[in-house]
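Me: I would like to learn how to read a protein model. Could you take me through it step by step?

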Amino acid sequence: QSLNSSYRLLIDRGWPGLKGKWQGKPVELSLIDGTWSGYFGRDHHRNFPSIPELFIYSNRDFYLPSTYLEREVLEPRKKVGADFTAVRFKGSPHVAHLRYFKEEYRKEVLSFINVNKNVKSVREKLQKREHDEDHKKDRKGYLDDSFQPKFL
């Protein structure tokens with residue numbers, strides 16, 4: 001599965017990107033508002049601190065190892081008290097958690113939605129952030145201080 005996926009990535013993205021670079025065209029990887037998606041996701045808690053985040057991942061992800069996600073993405077959020085929820089499944093491959101754990105996945109997503117359903121719209125929250133110098137003092141992490149993701 002990972003071999004086929006890597007092959008498709010090379011054929012669909014890598015080769016055209018390299019060919020374009022040889023032709024003098026700019027290489028554009030996955031961008032969100034002009035920012036590489038990896039940096040956008042990594043820095044989301046700093047750029048949008050009032051927006052809760054849900055991380056669903058597994059210990060068997062070939063593309064994004066759980067150790068990397070926990071160390072480089074979740075731990076910094078814990079340190080600043082960002083509002084996030086982390087759920088680590090056992091054994092499901094990259095983006096296949098719903099297929100492997102249908103009920104548990106649905107339960108976690110619906111729980112996150114229910115907990116955060118009263119969160120104001122993104123625009124309202126961003127406007128408030130611009131005017132609220134003390135927004136960092138008011139944030140509290142969704143998980144307890146020991147940061148123990150749910151292991152399913």
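Me: How much of the protein chain counts as buried?

Reply: Buried means under 20% relative accessible area, exposed means over 50%, and partly exposed lies in between, using a 1.4 Å probe and protein chains only. In this chain of 152 residues, 27% count as buried. This is a predicted model, where local features need pLDDT of at least 70 and side-chain atom pairs count only at pLDDT 80 or more, while totals for chains, interfaces and linings use all residues. Residues are numbered from 1 along each chain as its sequence is written, and side-chain values use heavy atoms, with hydrogens and water left out.

Me: How do strands E3 and E4 run relative to each other, parallel or antiparallel?

Reply: Two strands pair if DSSP finds at least two bridges between them. Strand E3 (residues 53-58) and E4 run parallel, joined by 6 bridges. On the way from E3 to E4 the chain passes through H3, giving a right-handed β-α-β crossover. Right-handed here means that, with the strands pointing away from the viewer, the path from the first strand over the helix to the second runs clockwise. For a place to look, find Ser58, which stands opposite Phe89 in E4.

Me: Is E4 mostly covered or mostly open, and which way do its residues point?

Reply: E4 is mostly covered, with 6 of its 6 residues buried. Phe84, Ala86 and Arg88 point one way, while Thr85, Val87 and Phe89 point the other way.

Me: Which residues make up the largest nonpolar core?

Reply: In soluble globular proteins, nonpolar side chains tend to be buried together. A nonpolar core is a set of buried Ala, Val, Leu, Ile, Met, Phe, Trp, Tyr and Cys residues joined through side-chain atoms within 4.5 Å. The largest one here has 8 residues: Phe55, Tyr57, Leu69, Val73, Leu74, Ala82, Phe84 and Ala86. E3, H3 and E4 are the elements giving two or more residues to this core. H3 provides the largest share, 3 residues.

Me: Where does Glu70 lie, and is Glu70 buried or exposed?

Reply: Glu70 lies in helix H3 and is buried, at 17% relative accessible area. Its side chain makes a polar contact of 3.0 Å with that of Arg88. A polar contact is a pair of N or O atoms within 3.5 Å; within protein, one must be able to donate a hydrogen and the other to accept it, and residues adjacent in sequence count only if both atoms are side-chain atoms. Glu70 is also 16 residues from Ala86 in sequence, with 9.1 Å between their C-alpha atoms.

Me: How many salt bridges are there?

Reply: Side chains of opposite charge can pair when their charged atoms come close. A salt bridge is a side-chain nitrogen of Lys or Arg within 4 Å of a carboxyl oxygen of Asp or Glu. That rule gives a count of 7 salt bridges. One of them joins Arg46 to Asp43, with the closest N and O atoms 2.4 Å apart. These two are separated by about one helical turn because they sit 3 residues apart in helix H2 (residues 37-47). Arg46 is partly exposed at 47% relative accessibility, whereas Asp43 is buried at 13%. Salt bridges also link Arg42, Asp43 and Arg46 in a network.

Me: Which residue forms a salt bridge with Lys78?

Reply: Lys78 pairs with Glu75, the closest N and O atoms being 3.7 Å apart. They too are 3 residues apart, in helix H3 (residues 66-80), so about one helical turn separates them.

Definitions and conventions
Helix = DSSP H or I, 4+ residues; strand = E, 2+ residues; numbered from the N terminus.
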